[in-house]
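Hello,

Here is the structure I promised to hand over. Please have a look, then read my notes below.

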Amino acid sequence: MRAQTRQGFSSSTRQHHGGRRRRAVSAAVAVAIGVMSLGALAPPSVSAAVAAARPGAVQRSLNGLVRDDGMPAALASVQGGDGRTRTYTAGVGDLTTGSKVPRDGQVRIGSNTKAFTAVVVLQLVGEGKVGLDTTVDTYLPGLVRGEGIDGRNITVRHLLQHTSGLPDYGAHVDDDEIRNRYVEPRDLLDIALRYKADAAPGKTWGYSNTNYVVAGLIVQKVTGRPLAEEMDRRIIKRIGLRHTYFPTPGEMTIREPHPQGYHRNPADGPLRDFTEMDPSWGWAAGQLISTNSDLNRFFTALLAGRLLPAAQLAQMRTTVPAGPSGLRYGLGLTSRPLSCGGVYWGHGGDIAGYETRGGVTDDGRAANVAVTSIPTDDSAAQHVKDAVDRALCG
């Protein structure tokens, strides 16, 4: 995993600093040159899929992601203010077989997991079991120590808002090296603590997956239960997310119909099928699997006050600047301006094989878009966000 990019938030090992994204080979070009091996896969039926696409701004956006940006597949779920949901697909679900993209198929949602973890922590705050401005050492005494790092000076709020200064363990792991390995949360923390602090606590915003590993460990210490169980009981079952789950240890597949996920490592390398992997290295920062429609349901329920008391939801929505283009970060929740006015609330996530972007507006519109390869080009990443904007702005 790496830290935050200009494009969004990641639970992927792609390089986020020290280089721009390299443009992906377009699907059309890949088909033309006949690249069909596992090492360099390309969609054989993209043109047919695009030709059969329904009209409309969202569909055109997805078609463009496949045709122009080299995404094997793109999926979207859009909920209007009237509550009506529409789903869209483009591309192919499997580059080897040319199978259709499952409508509203399951994908790995990467750092959207952080919003779920933050909700559990804030529920515990509402129950008086955790204090937002209480130090990490209160719950995990002596655990968070390193060069310039002291859990006695880092609060729970710092963790959830990415202002702790903790280094990101994701900057120091490689997708291929950890793809088939189960990793304990404490191991992830140990990786981070080999490096000095990025900043003093509370001084600056800096995206770090390590923050949410520590937050997950606090949940487990306070509740005495696995984070996955608490997430399932407190969120997934509570609001009826029927297609969302936290993979069990050793579970490398995706349970329900899904498009295959593809990955480039290095960024200018060929697409490889990366659907099966051990996501334990994402844990509280990026392990969940879900669908676009379930993400819409989650963020809609969250903003409607169905998951948190009003006081904790207000804290979650209190943001600090987090990059260009008006992006702001709260407590596991982001806001981003819309071209038609106002903002939308969500998170977003990357994990090898998939990227998801989306969120909800205060008046009840919701949209999530997923693509089946992390964009390696700045313009392609922008086009994913543009698809969300078009879906929410109509």
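A charge sits over a ring if NZ of Lys or CZ of Arg is within 6 Å of the ring centre and within 35 degrees of the ring normal. Arginine 255 does this over the face of tyrosine 245, 3.7 Å from the ring centre. Arginine 179 lies over the face of phenylalanine 274, at 4.0 Å.

Some ground rules. This is a predicted model, where local features need pLDDT of at least 70, side-chain atom pairs count only at pLDDT 80 or more, and totals for chains, interfaces and linings use all residues. Residues are numbered from 1 along each chain as its sequence is written, and side-chain values use heavy atoms, leaving out hydrogens and water.

Next, the rings. Rings of Phe, Tyr and Trp (its six-membered ring) pair if their centres lie within 6.5 Å; planes under 30 degrees apart are stacked, over 60 edge-to-face, the rest tilted. The count is 5 aromatic pairs. One of them joins tryptophan 205 and tyrosine 329: tilted, 5.9 Å centre to centre, 45 degrees between the planes. Ring pairs also link Phe116, Phe298 and Phe299 into a cluster.

Buried means under 20% relative accessible area, exposed over 50%, partly exposed in between (1.4 Å probe, protein chains only). Tryptophan 205 is buried at 16%. Tyrosine 329 is buried at 0%.

Last, the disulfide (a pair of cysteine sulfur atoms within 2.5 Å). The structure holds 1. Cysteine 340 and cysteine 393 form it, with sulfur atoms 2.1 Å apart. The link is left-handed, at -75 degrees about the S-S bond. Cysteine 340 is partly exposed at 44%, and cysteine 393 is partly exposed at 26%.

Best wishes
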